[in-house]
Structures are given as C-alpha cells and as structure tokens.
Amino acid sequence: MNLPHTAAAQQRLAQIEQARHAVMREGRAVTEVALDGWADRAWIERSWRRCLANGQRPDQRVAFDVLPAQARRRAQEASHGLVSAARPVLDKLGRAIANTRYFAILTDARGVVVDVNGPIDRSDRRAQLITRIGVDLSERSVGTTAIGAVLAELQPVWLHRGEHFFHDTSMYSCAGAPLFGPDGQCVGMLDLTGIDTAERPELKHLVAQSARSIENALALSQPHSLLLRLNWPGRTLGDDADGLLCLDADGRVTAANQTARQMVSQLNRPGGSVHCSELFAMPWEALFDGARHDAVVEVPLWSGLRLNALPQAPGQALSPVPRATPPTPRPLPLKDLETELIRKAVQDARGNVMQAARALGISRATVYRKLGTLRG
C-alpha cells in the first residue's frame, strides 16, 4: 500500500504552505516556523523575498515570454559551444528519465532555454510553454524555480510544487544544477522538470552528475597540448569525477573543470592566466614526459598536499588500469624544491630577477628572500 507515502506527500505540501504563509502573508522568516527539513532550504526564502522585492505577487499570471527573434538568435549563437558539449549528455539523460515523466531543460547563464530533451508531452500546454527555445525562465521573469534559484545560488537544488513562487508554476517539480565553463564562470544550468508528478528529490543527484559531465566536455573542447586528470591519492582516475586541467605547450592553463578548481585553489585566482608551475611544486616539463608513459604520477602542491595525476596527450585513450609510476627518489623538501624552481626561473631569465618574478607571479622581494640574496 502507498498510504504512508501519500501521507508523507501531503505533509510535505502542508509544510510548504505553512512556509509560504509565514513569508508572503505575515512577513516572518521560515526559521520562526518549526518545519522539519527546512534548515538547509533558506535559499527558497531568499528567492521568494527577491520576487516580493521586485514587486511580484504569487497570484500574478506568468507570461512565459520568448525573447524577440534577434535576441533569440544571439542567445543561440552565444550558447553554441554549451549546446554542443551538452547534447551527448542530454541524450543519455533522456534515456535515464524516460519513465519518470520528467524532462531536461538547458539554459544559458540568464535563464534562457537553449536546448531540451526527454519525454516532453507537447500536447500539454504547461510543458510546451517552458520547452520553447528562447523562452525566458529567469527568476525575474517566472519567479522562484530551480532555474532561477540555481543561477542565483550557484548550487544544485530541488524544488517541489508550492515552493515555486507563482501559483501558475505550482504544478512543476524540478531539480537543477549550475554549469561552469572552462574559465570557472557560470555559463548556464541544467534542469529536470516534471508536471503534476511524484516528488523525486533524488533527481538532484542525477542532475548534478550530468552537469559535471557537461562541464568536463566544455573543458576538453578547449585547445590544449596536455590534459591532466587529477584526484586525491587512493582515488581511481579515469571517470567524470576527475579534476581536469588542460595545458598549452608552454605549461599555461587553458581550461579547468570545477572539480580541479576545488582541488587546486590557485586556479581561482582572479585575472590573468595561470602557469602550472604556480600550482605544482615540481618541474612542469615532467608532466609532459609523463604522458609518454601513460602512468599515474604523484604531484606535490605548494600547500604541501599531494594529488595523483594522469597526464594525457589530446585524444589519448585511457588505459583500463593506468600503470603505476616506477619508484622515484625521495623528493626534495617543499622549501628546497620551491627555492630550486625560483633559481631555475632566474636562470631562464638570464639573471633578470624582475622578469623571473613576473613569470612566477611573485614579487621581486620574494625572489631575493627565497634565494637568500642581499641585492636591493
């Protein structure tokens, strides 16, 4: 029997209504109402309050406006790379959700629909309205949805029925996850939506995994001479859970996925390109040498932490089980290795300390201090 499930579903809807009443009618915070499971859903209240501040009211009709033709073409052209990278993932995702009455929506960073996939019932006007290419599903246009919330919060979310701001959108249930480009900036989001269907919060995990696959495809689409697959020691390399770091022939980073940016904080430094010598406390040329051996190598970070890396040439297929790196001599202490790299930079710059400092992204005084010189 499904009675316990039905009772739980009704209780969930009742709690949503309590939260709506507290925020939208009484001006109270959801935290003032004792509701189970709402401690980690403060983002919904923030979205509701943004809608109210914009002058929106829950009983307003939602137009689901499509961008004018010229603006729609511009949005499609700007999203061509995103759509191309996402298409294979959306095809697989469509098969995964085929029997759930949910479908996939891909938007750009403004919340404009650029692609769709999955079992869309085109005879249902509620589905047809939100799956048109060019329709604006931003928070400012259609209120609180997974799309608007994801683009505002930059994190995966799950949203059910009355958690949407407008009554006109209260039949939808949706999961969403942000999409980050090779430069770390948000380029859009991936949404899974159902209409008058059972709540499926597990779709939040599915959509987050699918978003990761799209981000990886975006990173790999960038020109590069070497791909580094990164993970912590003890983790298996070779799937979508890897951090991906793309390097040009000079060792500069051309792309990184979000996982790599979480592992190596220097990748998030604002402005300018990053050289891999600023990330790894080792001669960067050794990474290119590693690609010829198809072997996992241990790479030290300047923080003292270590990662496993699998260097690959562009298009190089993964071996079923990458060979382990042969034993290597005990590495230099981090302080000595840092000094050695600085000495090499000064040598490469033919003694020009200022040029070496710029190449390393540090100050001239730091170069002098690390080398122990007294020149001013």
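The chain as a whole has a mean pLDDT of 87, with 90% of its residues at 70 or more. This is a predicted model, so local features need pLDDT of at least 70 and side-chain atom pairs count only at pLDDT 80 or more, while totals for chains, interfaces and linings use all residues. Residues are numbered from 1 along each chain as its sequence is written, and side-chain values use heavy atoms, with hydrogens and water left out.

Helices here are DSSP runs of H or I with at least four residues, strands are runs of E with at least two, and both are numbered from the N terminus.

Part of helix 4 is tucked away: Leu82, Val83, Ala85, Ala86, Val89, Leu90, Leu93 and Gly94 are buried. Buried means under 20% relative accessible area, exposed means over 50%, and partly exposed is in between (1.4 Å probe, protein chains only). An α-helix has 3.6 residues a turn, so residues three or four places apart point the same way. The buried residues of helix 4 pack against strand 1 (102–108), strand 2 (113–117), strand 4 (172–180), strand 5 (186–195) and helix 8 (203–220).

Five strands make up an open sheet in the order 2-1-5-4-3, with antiparallel pairing. Strand 2 and strand 3 (157–160) are the edge strands, each pairing on one side only. On average, neighbouring strands of this sheet are turned by 20° against each other, direction ignored. Two strands count as paired if DSSP finds at least two bridges between them; strand 1 and strand 2 have four, in the antiparallel sense, and Ala104 has Asn117 in strand 2 as its bridge partner. Helix 8 lies across strand 1, strand 3, strand 4 and strand 5, at about 30° to strand 4. Axes are lines fitted to C-alpha atoms, for helices over the stretch in contact, and angles run from 0 to 180 degrees between N-to-C directions.

Two loop residues other than glycine have a positive phi. Phe64, with phi near 50°, sits in the loop between helix 2 (42–53) and helix 3 (69–78) and counts as buried because its relative accessibility is 6%. Arg101, with phi near 70°, belongs to the loop between helix 4 and strand 1.

Strand 7 (residues 243–247) is largely enclosed by the rest of the structure, because five of its five residues are buried. Gly243, Leu245 and Leu247 cover one side, with Leu244 and Cys246 on the other. Strand 7 pairs in the antiparallel sense with strand 6 (residues 226–231) over five bridges, and Leu226 stands opposite Leu247. Strand 7 also pairs with strand 8 (residues 253–256), antiparallel again, over three bridges; here Leu245 stands opposite Ala256. Strand 7 and strand 8 form a hairpin with five residues between them, and Gly251 in the turn has a positive phi of about 90°.

How values were computed
Contact means heavy atoms within 4.5 Å. pLDDT is the predictor's confidence in each residue, from 0 to 100.
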